[in-house]
Amino acid sequence: MTNLSKGKFERLKVIQPQQPIIEAFHEKTKDMFIVIKMFMKQSQNLVRQRDLLLPRLMSGKLEV
């Protein structure tokens, strides 16, 4: 993989969509991002629960 020097980077052209296209994209995807955020919070909660319960299960303090 070749390195990207500052000179090459400065010469790169970036295409930016017009505002109506950005807004249309946002309207179509905002619900998906809300669901993704909800699942991320749920996952973090499950990780915390696992980290609290697993040591208790392994030590025998908690029975199944």
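In which helix does Leu54 lie? Leu54 lies in helix H2, which covers residues 19-59. Helices here are DSSP runs of H or I with at least four residues, strands are runs of E with at least two, and both are numbered from the N terminus.

A word on the source. This is a predicted model, in which local features need pLDDT of at least 70 and side-chain atom pairs count only at pLDDT 80 or more, while totals for chains, interfaces and linings use all residues. Residues are numbered from 1 along each chain as its sequence is written, and side-chain values use heavy atoms, with hydrogens and water left out.

Now the overall form. The protein chain has 2 helices and 0 strands. Its radius of gyration is 23 Å, well over the 11 Å from the globule rule for 64 residues, so the chain is more spread out than a compact globule. That radius is taken over C-alpha atoms, and the rule is 2.2 Å times the number of residues to the power 0.38. Along the principal axes, the C-alpha atoms fill a box of roughly 65 × 35 × 15 Å.

Of the 64 residues, 2% count as buried. Buried means under 20% relative accessible area, exposed means over 50%, and partly exposed is in between, with a 1.4 Å probe and protein chains only.

Next, the salt bridges. The structure holds 3 of them, each being a side-chain nitrogen of Lys or Arg within 4 Å of a carboxyl oxygen of Asp or Glu.

In helix H1 (residues 6-11), Lys6 and Glu10 are 4 residues apart, about one helical turn. Their side chains form a salt bridge at 3.9 Å, N to O. Glu10 and Lys6 are both exposed.

In helix H2, Glu27 and Lys30 are 3 residues apart, again about one helical turn. The closest N and O atoms of this salt bridge are 3.6 Å apart. Glu27 is partly exposed at 48% relative accessible area, and Lys30 is partly exposed at 34%.

Arg50 and Asp51 form a salt bridge at 2.9 Å, N to O. Arg50 is partly exposed at 46% relative accessibility, and Asp51 is partly exposed at 44%.

Back to Leu54. At 42% relative accessibility, Leu54 counts as partly exposed.
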